[in-house]
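Hi,

Here is the model I promised to pass on. Have a look at it first, and then read on for my notes.

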Amino acid sequence: MITAPFEYARPGSVDEAQSLLTKFGDDAKVIAGGQSLIPLMRLRLSQPTALVDIQGIGELKQVRRDNGTIEIGALVRHVDIQRNAVLRETLPILVEMANDVGDNQVRNLGTIGGVIAHGDAAGDYNALALMLDAEIVTNKRRHQARDFYRDILTTALEHDEVVTAVRFPVSTGRFAYTKFRRRLYDWALAGVAVQESGSSWRVGYVNLARTPRRGSAVEAALASGASAADAAAQSGSDIDPTSDVRATAEYKRHLTEVLTVRTLQKAAAV
Amino acid sequence: MAVTSLIGARIQRREDPKLITGHGNFIDDVNLVNMAHMSIVRSPHAHARIRSIDTSAARAAQGVVAVLAAGDFKPHIHAPLPVTNAFVADKKQVPDQFAIAEDEVIYAGEPVAVVVAEDRYLADDAAQLVVVDYEPLPAVMDLEKAMAPDSPLVKSDRSDNIGWDAAFPAGDIDAAFAEAEVVVKQRIGQQRLFPTPMETRGCVADYVPYDNRVTLWTSTQVPHFVRLFVGGALGVPESQFRVISHDVGGGFGSKIRPYLEEYLTTATSKIVERPVKWIEDRTESLLATTHGRGQIFDVEVAARRDGTLLGLKFTQLLDIGAYHGVFSAFQVVACLIGGGAYEWKAINARSIGIFTNRTSTDPYRGAGRPEATHMVERMVDLVALEIGMDPAELRRKNFVKSFPHTNNFGLVYDSGDYPKTLDRAMANIDYTALRKRQADLRAQGRYLGIGFSTYVEICGLGPSAATAPAAGVALVESSMVRVHPTGSVTVSVGTHAHGQSHETTFAQIVADTLGVPYDSVEIHHGDTGDTPFGYGTYGSRSLAVGGMAIMASCHKVVEKATKLAAHAFEASEEDIVVDQGRYFVRGNPGEAKSIAELAFASYGAGLPAGMEQGLEAVSYFDPPNFVWPFGCHICAVEVDPETGGVSIDRYVAVDDCGNVINPMVVDGQLHGGIAQGISQALFEEVLYDEETGQMLTGTMVDYLIPTMAEMPHFELDRTVTPSPTNELGVKGIGEAGTIASSIAVINAITDALTPFGIKHVEMPARPDRLWSMIKEARA
């Protein structure tokens, strides 16, 4: 439970972070809140040669509304999201997700940029970014969320690329998020997010494939007037769960369908 | 006993201010000058031959003091790890376990090398550089396959994979089954569990070469036991070997044995001639600390259609793991108390201990008794279901009703009133209304279930006459009570708390019995340097056995104080009245001597002829019997048939542990105990890959320890049936909650699923498993 040795640097700007990443090379990692990276390092499953700690970069801590877009700085923590009045008005589903991330310690340290950069299918915000067509802003470019998540814990980020912000469309329609867990502080065994967007519904799936998934088939069924149950029956083609120590794939598929119905009903009742 | 004010008082734990302000003294708080740090290289394979170990890169690494393997330890460790000689078996195989593997590893996590460095970071880094060439061998994982004559062997030098095979027949079982109108059969599993104390293990050893003297700080439940065996193996006599165990952050049975790391750390200190610290990290702990349970029961019950229980037949298959735990065979006790709180004409039990290529199992909170309770309470429900009788009524009909009661195996239940706790619990949960609510909800397609557990527990281990054959050691307990010249009192005991509040409750007993202020009583435990030999804390024994050892010393002190008072008042001893620490001549309470005054006099001149100075006593207590707590727990759950999710609706417990020293401490024990049983029922399971023997639940992400958020509100109540076995009238409460609770939850889930035709549910009742069962039942 002790990490392998590594270099450590704490840049004051994004530019400095990039040059440090270039200097340290391919095996360096960016660290923000460390809630995913540090446990992996303690198990020595991840042994970066250097950590570039971006927590001192003040400019990454802002939440800004820009007409129909809400831009959230990479260092905005879960607890900041929970307490942010602007987000509560413009993207309430994100606040609801933040309320159920981990425990107090995780919420006090973990950041939205960390969740995005880690690209974990279990990271609740990743499914939301995908379903709402968010943009992921880095020091080098803007990624469309739909092109960002490549494989298990693998994103389109290059090694010297630093996530600086995430841009979501302001989403004030009806919504619901259901996170099925065996313990309150667990990752979702299966998570289903639904968000009304204009006249249609967006659906996202957490921890049900190697990457976050958008419920495209369910969305299409809903758009064509299907009931919640009939739409949810399409969820199987939107996900690709595997069996693990927590549950069988068959169960996760069934659970997803049940949760999709319930989440749609919950959102419609709001 | 005098009229008292402290025994029975709900006073706050005196341990807490220190612990909750961060002033505890746990094992990692021990730091010595010039101390080196040790990291252990462990086998990643469940079973492999060691071809070679290359330590050259590790030796050359920064800050490394030494890298040691089996050959380096052999000149220093002269004995294998101890295994108590428990239960006479028809067949028994007890292979020696040396503290570190030499040529064959037989479980993932077995030590193969030790790295010592200037700090733990450097030690862990260098440990990664030790290169071990393994030749993997087949892993033996399945209990039944392991029993087959053609099974691969857990270790190549063994005759087979059987650790013991013991039969326990009582009465004419064939006659009981011949009389049966109903026979129900069930296989019931007990999954492996991690004991997961909050504080993992660890030790600091300081070997002083010039006088062959060792001080070993360790996180243990049994400091004297550790000294006896580790000192013995290293050739250091007890007089030169001091074991110190300060605050211990939980054990749950997993710290009741001398561990190989205590041998290795001490030997390493001797080899490198420096103090050495080893702290077990959490992932290491999951492999290296003994596991609990890991059993399968095949059970048959014979009964009449009117609900009369007749005969009970069962076989306990117990996964020993790679080597015997020190007390693993104690869990055979499940056979002797498998009949639970009921009358049986005959019981026929058999226990087979089976080696596998897994971490060893050893007692875990309850140790054989939760398993027995889970089994019998499950079977009673199956009989009730089969004949269409209310499970509460079937229990009531078959309860043992007169005490003392000699069970089928000759164990004597000292006292009890089982219908009373059942009635109280049913009233507290409003059973009639709950059954009506269940029917109403079923009509709406909702599945509420109600589960009973009417347990009886054997604890207070124990009378030497019984524990010597059953546990391999005569489990007596010790105390020393010393009244200092101005009246404060030091009590030294052989038990050792790891969360049980002994510093509080023992002081309550002493303050009342001697009549001294509570704050003047200091409890010492955990240091072999200033406590008398004792067997330690487990088996809910510290009060019923250790507390009585304290009482015995207190009585000796009072007896001497009475003599001193008689001498001071120039009266005869018979005329001295002792009233809450005041000694006076009958009829003259106005002129009294306090125990402090008598203590002061006892160290001075002018004592009665022939009396030695001082006011102190040492006692050993060997109880005449076990003690027998009991109670009734009722759980109500709702199962969501679509997700298989279980939510606990109510949890009502009525326990009877005899007289209570401190109700708050008893409630705390019940909260923790019930939580652990619920946790087994719903959450925890150690999983291994059945082919490779790799642990699949090797982190706390995958091994589910529930939190407060998953626990229901515990609705506690109690009845008081004093134990006639000891003067305090006490029983034990450390394990009762765990013994009772797993089956209350499982019986509730099974009851909820009865409409689907589901009769039995295994632990943990995972949502995916319940959903699969419901799906199959619906098909």
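Predicted model: local features only at pLDDT ≥ 70, side-chain atom pairs only at ≥ 80, totals over all residues.

Arg42(B) sits in strand S1 (residues 36-42) of chain B and Glu284(B) in helix H9 (residues 282-288) of chain B, so the pair ties together parts that are 242 residues apart in sequence. Glu284(B) is buried too, since its relative accessibility is 7% and the cut-off is under 20%.

Another salt bridge in chain B joins the side chains of Arg120(B) and Asp124(B), at 2.8 Å from N to O. These residues are four apart in helix H4 (residues 120-127) of chain B, so about one helical turn separates them. Arg120(B) and Asp124(B) are both buried.

Then there is Glu199(B), which forms a salt bridge with Lys255(B); their closest N and O atoms are 3.9 Å apart. Glu199(B) is in the loop between strands S9 (182-193) and S10 (202-208) of chain B, while Lys255(B) is in the loop between strand S12 (241-244) and helix H8 (260-272) of that chain, so this pair ties together parts 56 residues apart in sequence. Glu199(B) is buried at a relative accessible area of 12%, and Lys255(B) is buried at 1%.

What do salt bridges that share partners join into one network? The members are Arg42(B), Arg120(B), Asp124(B), Arg201(B), Glu261(B), Glu280(B) and Glu284(B). Over all chains, the search finds 75 salt bridges.

Now to the interface. Chain A contributes 26 residues to the contact and chain B contributes 32 residues. Together they bury about 2,500 Å², 58% of it on carbon and sulfur atoms. On the chain A side, Arg182(A), Arg183(A) and Val245(A) supply 30% of the area buried against chain B, more than any other three residues. Three salt bridges cross between chain A and chain B. The side chains of Arg44(A) and Asp125(B) meet in a salt bridge as well, at 2.7 Å from N to O. There are also 15 residue pairs in polar contact across the interface. Helix H12 (residues 249-269) of chain A gives six residues, the largest share of the side of chain A that touches chain B. By class, that side has 14 nonpolar, four polar and eight charged residues.

A few local spots may also interest you. In helix H18 (residues 595-602) of chain B, the buried residues include Ile595(B), Leu598(B), Ala599(B) and Ser602(B). They cover an arc of only 105 degrees around the axis, which puts them on the same side of H18(B). Among the elements covering the buried residues of H18(B) are strand S20 (477-483), helix H16 (502-514) and helix H17 (542-569) of chain B.

In chain A, Thr155(A) lies in strand S9 (residues 154-155) and is buried, with a relative accessible area of 14%. Its side chain reaches the backbone nitrogen of Leu157(A) at 3.2 Å. Beyond its neighbours within four places in sequence, Thr155(A) is in contact with residues including Ile116(A), Phe148(A) and Tyr149(A).

Finally, Gly63(B) is in the loop between helix H2 (56-60) and strand S3 (64-69) of chain B, and is partly exposed, with a relative accessible area of 25%.

Best wishes

Key. Residues numbered from 1 in each chain as written. Chains lettered and ligands numbered in written order. Heavy atoms only, no water. Contact = heavy atoms within 4.5 Å. Buried area = accessible area lost by both parts, 1.4 Å probe. Salt bridge = Lys/Arg side-chain N within 4 Å of Asp/Glu carboxyl O. Polar contact = N/O pair within 3.5 Å; in protein donor to acceptor, adjacent residues only side chain to side chain. Helix = DSSP H or I, 4+ residues; strand = E, 2+ residues; numbered from the N terminus. Nonpolar A, V, L, I, M, F, W, Y, C, P; charged D, E, K, R; others polar. Buried < 20%, exposed > 50% of the residue type's maximum accessible area, 1.4 Å probe, protein only. Arc of directions from axis to C-beta.
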